[in-house]
Amino acid sequence: MNIAAAANEDMASISNVLIYSAMAVYTLAFLAHITEWVFGSRSKVGRTAAALTQHTVTAPPAAVTVTATRKAGGTTVLERAEVTTRSATGRRDVPDGPGAAAGDEKGELYGRIAVSLTVLAFLVHLGGVVARTLSVQRAPWGNMYEFSTTFSLVAVGGYLLFLALGKNIRWIGLPLVTSVLLDLGLAVTVLYTDSDQLVPALHSYWLWIHVSCAIISGAMFYLGALATALYLFRDRYETKLASPQGKQPGPAASSILGRLPAAASLDKFAYRINAVIFPLWTFTIIAGAIWAEAAWGRYWGWDPKETWSFITWVAYACYLHARATAGWKGRKAAYLVLIAFACFIFNYYGVNMFITGLHSYAGV
Amino acid sequence: MPKTTMPPPGTAGESPDNSRNPATAEEALGAAGAQLSTAPLEDGGIAALGLVGWVRWCWRQLTSMRVALILLFLLSLASIPGSLMPQRGTDPAKVDQYKADHDILGPIAEKLQLFDVYGSVWFSAIYILLFISLIGCIVPRSWQFAGQLRSRPPAAPRNLTRLPAHTTWRTEAEPEQVREAAHRLLKARRYRTRAEGEAVASEKGYLREAGNLVFHVSLIVMLVAFATGQLWNSEGGKLVVEGDGFSNTLSQYDDLRSGALFDREKLPPFGFTLKGFDATYERTGPQKGTPRTFRARVSYWEGADGEPRSSTITVNHPLEVGGSKVYLLGHGYAPVVTVKDGQGTIAYQGPVAFLPQDSNVTSVGVIKVPNYLDAKGNKDQLGFQGVFVPTFGGAGSGSMFSQFPALDYPVMALTAYRGDLGLDSGLPQNVYQLDLKHMKQFTDAKGQKFRKMLRPGETMTLPGGAGTLSFDGVKEWATFQVSHRPGNGLALAGALTALTGLSASLFIQRRRIWVKATLGEDGTTLVEIAGLGRSEWSRLPEEVAAVALALRPDAPALPAPQDSTPASADPAQGARP
Ligand code: HEM
């Protein structure tokens, strides 16, 4: 074994230590999030969240104030325009819930701690992926272990980016951190593969392009799917509230769902993320086809991986169509997103493990 | 630059442009809300009776969004079996295996075309219907869109406050002046504008619709490209041993598949010689034996008398020659042998390709010697069955398995037969198998089956003076796939325009803004600005506000008569993280 190889092995073990550390920090973030939710449920705002929602079913149109500073002859003038927004008729005008902490001071503190811990975990996780990259001296997604670790890294990165941009997305923190822990757990136990180079078929710069796009698409679709799942719960909750004579949501459901954003906000968030990522996913498939053309002599051969990418793509196209079709908006379209994301996941785990095709990786 | 705050989520609601329920806000908005998209109308009822009416109804159903949605869903469902069942197109051997293993399911699957899903009647039916639907949808939409491009933005609805985003203020500027300023300003913001009555109507984002049309048309282009590739393609395989060559004629292929309209007699003239093949493998670590590089060094020529040129072919880098591409698919070893017959003359000499059986290239093969004279000078035929391992792990393990894929310690083990090879039976023969029906195995002096292990350079002598076989050395061979696929360029162009169109249709927002200026009873002018966009677009209020702010210098706001909304006191109001 030469010196370079030894250095690579060192890097590989550093990477493993960092990934385990990241898991530990994610676990702390998870606990902090749980604490935030628990404190939030005790808060007054949290307890009255349901009632609050009920009151505002007939909320007046909301006003948005937009201000601009303008230099007028050396002095700064503050200009203001107030824009009234309203929903179309037949839509519930429900405001967003107060968030996990529901205004509770301690809850808010733990929420902030959870986010800080997530940032820390993300950095450690990033270090782990970078060390792995240095160790294998190629893109860090040559096998399922590497794909999984990079995938959850990108998902968390996307979440933190949205937070940094000031988007209302803290509500996704708990489910996201939970599933990242599951993903990493699966990666280090079942999928672990020692750091190594690739078989010749994977030696191509298309590996960088195609797989990085696939990972980003998957991670963002994942955020979209999480939001959609929450939308389905929240939508049922709002529907129950809107018909006071029908069955009402239980106290636990009210406490949790009442603190989530309104169904319409969740739906819109999910739609936007899916719509923005759909072209990237399309590009991923095109890039894969170009690569396949170079490697196997045909750009499309209905290999299982290709087939499932196509199925995923068509499923998301279905969703986008459903949104434009009367009678298919809302819940039905939401089920389509979940189906589409399930196809993505199956393409990743199922096809690699249960179906043999040309796309088999090094290792698992 | 305007500093903007986000609208409270969940309040900017669904715009009515797509809802086809007449009881919604659509009616209230009238023409103003119409056709913000050109999605086809959903109509359920059967309109007119009679054949023409019925055909028309069917057509309208087929080209409706709902049916497009169902067909898309069916298409994805229909692709699933193809990924679970072995497919003849990709792996015919697995199909045969499956049929051998499943007595009952096999024939049923065959009947249902489950081994050829993507060419099956039912799969084709779905995508043909989908594409008819697409064409039936796209053509009228294109006309409609062309019409919209020529027409002007629709007039303002009566009540601007009903629109999803709305703002208003009073000013001392003349209404005429405000409208003119609004006109100029919207034009500068690249809105299409039109003055009508007391309002200025404007619209922007037509590129969205154009993008959507381009995307759907590109899908059709891609389908055409795909069909072209299927009908005119050819794909052939060829195994070439180091030092040998290939020229592109029908007889040279080991197998050649081609599309229905491909002319097999008119193959373009080109060829190549395999000068050498290099392979390296991982030597240490858990992935020991995994291939690291495969490289075929070739010299190729093109045209009737083209100059030979050198090149290399690697896994991801095919050779492009004569409108075809030559891909490197696999490799293996070919032991070089010399067989002398009972008379001592050379009956066979040359490399014999052995087929790899596992990742360490344990290979099996046969050597056929059809022209052979035995010790007495009688005509006979010889056959050898052999196992070749590039790295021999040592005797004693019973069966022979290679320990490593590189040529570290090559060993070949052979058993020998004599008799009729069956080459004259007229039936096609597999060059990698011996037909033992009319052959007899050599036995040694003790009556045991004759078997011998050879290292390169060694010679084995057949019992009874039947001749010798010497193992002269080992060459590598490589398999190549020669593909000719028209329509690739078209498919790529279609894919890229589809991507461009799709991005335009998802990222560009089509929206309308109306500015109304009316003279109030108190002599001041009431300015109203309202906007309409698609429901998913959250920045409509910001856009309306930006227009409002830009209009302020020409229409300075008067203090509101009474402060009705407390929000105006606090500029931070309405801002949510
Ligand atoms: C071949 C399969 C098809 C695919 C992959 C596909 C894909 C898409 C996608 C991704 C969108 C989203 C664009 C957006 O939201 O603005 C879209 C929109 C649209 N598609 Fe398709 N489509 C297909 C077939 C069809 C067919 C057959 C029709 C006609 C019945 C159709 C009509 C439309 C219309 C009208 C829109 C715009 C919806 C709107 O304006 O809101 N598509 N399509």
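Which residues of chain A form one aromatic cluster? They are Phe221(A), Tyr222(A), Trp281(A), Tyr316(A), Phe341(A) and Phe344(A).

Ground rules. This is a predicted model, with local features needing pLDDT of at least 70 and side-chain atom pairs counting only at pLDDT 80 or more, while totals for chains, interfaces and linings use all residues. Residues are numbered from 1 along each chain as its sequence is written, chains are lettered from A and ligands numbered from 1 in the order in which they are written, and side-chain values use heavy atoms, leaving out hydrogens and water.

Now the aromatic pairs. Rings of Phe, Tyr and Trp (its six-membered ring) pair if their centres lie within 6.5 Å; planes under 30 degrees apart count as stacked, over 60 as edge-to-face and the rest as tilted. Phe278(A) and Trp313(A) are stacked, 5.8 Å centre to centre, with 15° between the planes. Phe278(A) is buried, at 2% relative accessible area. Trp313(A) is buried too, at 16%. Buried means under 20% relative accessible area, exposed over 50%, partly exposed in between (1.4 Å probe, protein chains only).

Next, the ligand. Chains A and B both contribute, so the site is shared between chains. His321(A) puts a polar side-chain atom 2.3 Å from a ligand nitrogen. For His216(B), a side-chain N or O atom is 2.8 Å from a ligand nitrogen. Arg208(B) has a polar side-chain atom 3.2 Å from a ligand oxygen.

Notes
A residue is near a molecule or strand if one of its heavy atoms lies within 4 Å of it. A polar contact is a pair of N or O atoms within 3.5 Å; within protein, one must be able to donate a hydrogen and the other to accept it, and residues adjacent in sequence count only if both atoms are side-chain atoms.
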